[in-house]
Amino acid sequence: MKLSPAPREVRLAGVVTAVPSLALLVFGVVVLVNGLGEPARPGNNVYVESGTFIVVALAFLAASAGLVLGQTWARSPGVVIALIVVGLGWYLLGPSGEPAWGVPVALFGIAALVLLFRRPSRAWALGLREGETETEAAERGGLAGRRAEREGHDED
């Protein structure tokens, strides 16, 4: 598989978003293991709870892997993951009163956002050509326009 020419910032954002995604996966497994030893209580379905954490973690990891592999579809989910992580960091920092956890968690989210919105990342996501402005790329159709032009040239 040939990797697309994604900038270093995008690949690094993939690594940064993978860390909280892996932590969520581990948390889901821990919830499952701890819940198996406890007697069942009404309103407490450990399988659903841990399954939710695990499924969300796997979706987050898929987006993180997409960023590392340079897939343009992964940028939007990467931004969503980063925003969720920033919100979690804020909650840990403020309402939960856990600054020792909140600060590093929020910094992971902020770092991913900064990486995904740096100029090289935006240019890559928009499919900018060398010396082209964002407006010119939008008029051409951005990444989809570049892909269509490339496919049109391949048929000739």
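## Burial and overall make-up

A residue counts as buried under 20% relative accessible area, as exposed over 50%, and as partly exposed in between. Arg118, at 41% relative accessibility, is therefore partly exposed. The model described here is predicted.

The chain has 156 residues, and 33% of them count as buried. Its secondary structure consists of seven helices and zero strands. Along the sequence the pattern reads α-α-α-α-α-α-α.

## Annotated transmembrane regions

An unreviewed UniProt entry carries the annotation "transmembrane region" for residues 12-33, 53-70, 77-93 and 99-117. Two of these spans can be described from the model as follows.

Residues 12-33 are 100% helix and 0% strand, and the C-alpha atoms at the ends of this span are 32 Å apart. Residues 53-70 are 89% helix and 0% strand, with 26 Å between the end C-alpha atoms.

## The salt bridge

How many salt bridges does the structure hold? There is one salt bridge. In general, side chains of opposite charge can pair when their charged atoms come close. Here the side chains of Glu9 and Arg118 meet, with a distance of 3.4 Å from N to O. The pair links distant parts of the chain, 109 residues apart: Glu9 belongs to helix H1, whereas Arg118 lies in the loop between H4 and helix H5 (119-126).

The two partners can also be described by their accessibility. Glu9 has a relative accessible area of 12%, so this residue is buried. Arg118 is partly exposed, at 41% relative accessibility.

## Aromatic and charged contacts

The count of aromatic pairs comes to one. Phe27 and Phe53 form this pair, which is edge-to-face, with 5.0 Å from centre to centre and 70° between the planes. Because Phe27 lies in helix H1 (residues 8-36) and Phe53 in helix H2 (residues 46-68), the pair ties together parts that are 26 residues apart in sequence. Phe27 is partly exposed at 43% relative accessibility, and Phe53 is partly exposed at 24%.

A further contact involves a charge and a ring. The charged end of Arg75 sits over the ring of Phe117, at 4.9 Å from the centre of that ring.

## Positions distant in sequence

Which residue of helix H1 is 8.5 Å from Ala63, C-alpha to C-alpha? The residue is Thr17, which has its place in helix H1. The C-alpha atoms of Thr17 and Ala63 are separated by 8.5 Å, although the two residues are 46 residues apart along the chain. Thr17 has a relative accessibility of 2% and therefore counts as buried.

Arg11 also lies in helix H1. This residue and Gly70 are 59 residues apart in sequence, with 6.6 Å between their C-alpha atoms. At 21% relative accessibility, Arg11 counts as partly exposed.

Ser76 is found in helix H3 (residues 75-93). Is Ser76 buried or exposed? Its relative accessible area is 53%, so Ser76 is exposed. Ser76 and Ala125 are 49 residues apart in sequence, and their C-alpha atoms are 9.6 Å apart in space.

## The nonpolar surface patch

Leu93, Val103, Leu107, Ile110 and Val114 make a nonpolar surface patch of about 410 Å². Which helix gives the most to this patch? Helix H4 (residues 99-117) does, with four residues.

Val114 is one of the residues of the patch, and it lies in helix H4. A residue needs over 30% relative accessible area to be part of a patch. Val114 has 47% relative accessibility and so counts as partly exposed.

Terms used
Residues are numbered from 1 along each chain as its sequence is written. This is a predicted model: local features need pLDDT of at least 70, side-chain atom pairs count only at pLDDT 80 or more; totals for chains, interfaces and linings use all residues. Side-chain values use heavy atoms; hydrogens and water are left out. UniProt positions are given in the numbering used here, feature names are shortened, and annotations may be inferred rather than shown by experiment. Helices (H or I, at least four residues) and strands (E, at least two) are DSSP runs, numbered from the N terminus. Buried means under 20% relative accessible area, exposed over 50%, partly exposed in between (1.4 Å probe, protein chains only). Patches are made of residues with over 30% relative accessible area and no salt bridge: like charges are joined within 9 Å, nonpolar side chains (Val, Leu, Ile, Met, Phe, Trp, Tyr) within 5 Å. Accessible areas come from the Shrake-Rupley method with a 1.4 Å probe; for residues, only the protein chains shown count as cover. A salt bridge is a side-chain nitrogen of Lys or Arg within 4 Å of a carboxyl oxygen of Asp or Glu. Rings of Phe, Tyr and Trp (its six-membered ring) pair if their centres lie within 6.5 Å; planes under 30 degrees apart count as stacked, over 60 as edge-to-face and the rest as tilted. A charge sits over a ring if NZ of Lys or CZ of Arg is within 6 Å of the ring centre and within 35 degrees of the ring normal.
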